[in-house]
Amino acid sequence: MDQEKERAPRNQTIALNKDETTKHSKHLIRLYKNTPFQDIINKTINQDTFEAIKYLPDNFVDLLFIDPPYNLTKKFNTQAFKEMKSTEYEDYIDSWLSGILRTLKPTASIYICGDWKSSSAIYNVMSKYFIIRNRITWEREKGRGAINNWKNCIEDIWFGTVSNNYYFDVDSVKLKRKVVAPYKDKNGNPKDWINSEEGAFRITHPSNIWTDITIPYWSMAENTDHPTQKPEKLLAKIILASSKPGDLVFDPFLGSGTTSVVAKKLQRDYCGIEIDNYYACLAEKRIDLANADQTIQGYHDGVFWERNSLGAQKRTKTNNFRLIYKNSSLFKQITGSMR
Ligand SMILES: C[S@@+](CC[C@H](N)C(=O)[O-])C[C@H]1O[C@@H](n2cnc3c(N)ncnc32)[C@H](O)[C@@H]1O
């Protein structure tokens, strides 16, 4: 990887020079037989997942997030993945997922990412071991148009749990949307929306289709050179909904570290495995940067915002909108109807 390439002045891409790689490498760990739990908590493991999972403790994971190589021919710096038959890809998923099972708490939630081609294989393997709860589809608005096919603009994330005893906090993942039709009730009050300094907004329940995600690009502070880096906003939704502060979030294909970074920003513990040394160091650098900057683009004031709403987010005073929302008739309507 070209670690010290020239970049445009507004390019915020996080990269590593040789000194930084040496510095962050010192914080990476490798697992051996009987590695104690305290040694893996809030750490990046730089090792082959197939080897490392043998040495992980039992029963320590609250939330498992997996973004494996999809069933595509793709290069990940020093590693290459080769497309295979769908049945072989199922065997590949099973070969690591079956080894991870014993690390999960009985209350754990599991999320596994894929594109349309890998999605059925993920479902087939996950449904052997877990209760499947949902399939999230998110709009991935970046990418080339196809000539003889529909442009590929979606990805899936399968959501499952180990048991029926699991945690899900829907209130922490509400969406803030501009109101298109601001109807009023017979007393002239907003019907199911809120009037705030920044305009008329509605707070809505999240569904299993996510259209508010932006893929990291060069002018975003979270961007790296990792070819399939997941957006922090996407991880924030999953971590907020399916874990509590202090819970442990585990990612066995950590890449540039998004899962650990967002877990840290949201006061969860984390542990991740990445085979490539440069990506593992990138993860460590981002984890360090999270000490000074806890912001997550698109998540502000306790709600998730639509794409391209940075101006309105900046105008919102911290906690202002949340307070208006909690006092609104809309909030009372929603929470009242849920009880
Ligand atoms: C799809 S990417 C994950 C991207 C990540 N979610 C992010 O936000 O950057 C998959 C990662 O798995 C890593 N990987 C592939 N095979 C691995 C293995 N056997 N053990 C550990 N890591 C592996 C690749 O190097 C790659 O960085």
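**A friendly note on sheets, helices and the ligand shell**

1. Let's start with a sheet. Five strands form an open sheet with mixed pairing, in the order β9-β10-β8-β15-β14. The edges are held by β9 (194–196) and β14 (299–300), each with a single partner strand, so one side of each is left without a neighbour in the sheet. Strands here are DSSP runs of E with at least two residues, helices are runs of H or I with at least four, and both are numbered from the N terminus. Two strands pair if DSSP finds at least two bridges between them.

2. Before going on, a word about the model. This is a predicted model, in which local features need pLDDT of at least 70, side-chain atom pairs count only at pLDDT 80 or more, and totals for chains, interfaces and linings use all residues. Residues are numbered from 1 along each chain as its sequence is written.

3. Now look at β8 (residues 175–178). Two bridges join β8 to β15 (residues 303–305), and these strands run parallel. Here lysine 176 has tryptophan 305 of β15 as its bridge partner. With β10 (residues 199–204), β8 is joined by four bridges and runs antiparallel. Arginine 177 stands opposite arginine 202 in β10.

4. Next comes an open sheet of eight strands, ordered β1-β13-β12-β2-β5-β7-β6-β11, again with mixed pairing. At its edges stand β1 (43–45) and β11 (209–210), each with a single partner strand, so one side of each is left without a neighbour in the sheet. Inside this order, β2 (residues 61–66) and β12 (residues 248–251) pair in the parallel sense over two bridges. Leucine 64 has phenylalanine 250 as its bridge partner in β12. Helix α6 packs on the sheet and touches β1, β2, β12 and β13 (269–273), and its direction makes about 175 degrees with that of β13. Axes are lines fitted to C-alpha atoms, for helices over the stretch in contact, and angles run from 0 to 180 degrees between N-to-C directions.

5. How do α5 and α6 pack? Helix α5 (residues 232–242) and helix α6 (residues 258–265) pack at an angle of about 60 degrees, with their axes 9 Å apart. That makes α5 oblique to α6 (under 35 degrees is roughly parallel, over 145 roughly antiparallel, 65 to 115 roughly perpendicular, and the rest oblique). In the contact, Glu232, Leu235, Ala236 and Ile239 of α5 meet Thr258, Thr259, Val261, Val262 and Ala263 of α6. Contact means that C-beta atoms, placed from the backbone, lie within 7 Å.

6. Compare α1 (residues 18–25) and α7 (residues 277–289), which pack at an angle of about 80 degrees with their axes 9 Å apart. That makes α1 roughly perpendicular to α7. Glu20, Thr21, His24 and Ser25 of α1 make the contact with Asn277, Tyr278, Cys281, Glu284 and Lys285 of α7.

7. Finally, which residues come nearest to the ligand? Of the 20 residues around the ligand, Thr49, Phe253, Gly255, Thr258 and Ile275 come nearest. A residue is near a molecule or strand if its C-beta atom, placed from the backbone, lies within 6 Å of it.

Technical notes. Contact = placed C-beta atoms within 7 Å.
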